[in-house]
Amino acid sequence: MSRKPLVVGNWKMNGSRAANAVLLAGLKEAGPWAAEVAVCVPFPYIAETALALTGLSVAYGSQDCSAHESGAYTGEVSSAMLADLGCRYAIVGHSERRAYHHESDQLVADKAKAALAHGVTPIVCVGETLAEREAGQAETVVRRQLAAVVHTLTHCIGEIVLAYEPVWAIGTGRTATPADAQAIHAVLRMQLHAATKKGDAIRILYGGSVKPDNAAELFAQADIDGGLIGGASLKAADFAAICAAANRRAAS
Ligand code: PGA
């Protein structure tokens, strides 16, 4: 089954109106790509990003969403609001949120459900810490994290994008080897298969120090359908080169 490669920039808490304008103009110049491309930007910049991307095939989204529908949740942003702004994607369960905001597997699953309820595709992140990997628990951890989402979304699980992001590879310059990443992706694919007949159609992205010089090798793996890119998504030339590496997968 052919899955369209997807490359998503995760800007994290970076940017300014001026810097974003330069970055988005750079992407405009570098595209279009055969792969699907998206940027997940800080909440305050979503509307302006939408304007800057008008007429381009680059999608946009957020880096989180609330599990709640609306109401007295100071500081939170609902998926209805994201849909209202035209977001196609919302990252949920990024390891930085799991670690710094104590987000549980169930909360992440509830956020994914809330996003889907408003037609926003959740990019669900899973990944083990270095200690968990060294203890031989990488598979157990990612399977547990995905299981909560599978159980909560039931028949809608086919609508998600999954991202495997080993915590020890995020922002560290230390990438999983293509073979190690592929091994976990294959485990996740099997789990999705068991949950839904559409498991083959679900895109599984790799994230963690993806750079222009390692992207092609990662994207050449059978179950790696693109990338979730942090640091390298802040430079138009680097992000464009990674998108081009996914192009080659789309063409092959
Ligand atoms: P990185 O971040 O590419 O800077 O490692 C990836 C991510 O956290 O999504």
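This briefing covers the barrel, the helices packed on it and the ligand site. The model is predicted. Eight parallel strands close into a barrel.

**Barrel**
- The strands follow the order E1-E2-E3-E4-E5-E6-E7-E8 around the closed barrel.
- From one strand to the next, the twist averages 25 degrees.
- Strands E4 (residues 89-92) and E5 (residues 121-126) run parallel and are joined by four bridges.
- Across this pair, Ile91 stands opposite Ile123 in E5.

**Helices on the sheet**
- Helix H5 spans residues 105-117 and lies across E4 and E5.
- The direction of H5 is at about 165 degrees to E5.
- Helix H8 (residues 178-195) also packs on the sheet, where it touches E5, strand E6 (161-164) and strand E7 (204-207).
- The directions of H8 and E7 make an angle of about 150 degrees.

**Ligand shell**

- A side-chain N or O atom of Lys12 is 2.7 Å from an oxygen atom of the ligand.
- For Glu165, a side-chain N or O atom is likewise 2.7 Å from a ligand oxygen atom.
- Gly230 contributes through its backbone: one of its polar backbone atoms is 2.9 Å from an oxygen atom of the ligand.

How values were computed
Residues are numbered from 1 along each chain as its sequence is written. This is a predicted model: local features need pLDDT of at least 70, side-chain atom pairs count only at pLDDT 80 or more; totals for chains, interfaces and linings use all residues. Side-chain values use heavy atoms; hydrogens and water are left out. Two strands pair if DSSP finds at least two bridges between them. Helices (H or I, at least four residues) and strands (E, at least two) are DSSP runs, numbered from the N terminus. Axes are lines fitted to C-alpha atoms, for helices over the stretch in contact, and angles run from 0 to 180 degrees between N-to-C directions. Contact means heavy atoms within 4.5 Å. A polar contact is a pair of N or O atoms within 3.5 Å; within protein, one must be able to donate a hydrogen and the other to accept it, and residues adjacent in sequence count only if both atoms are side-chain atoms.
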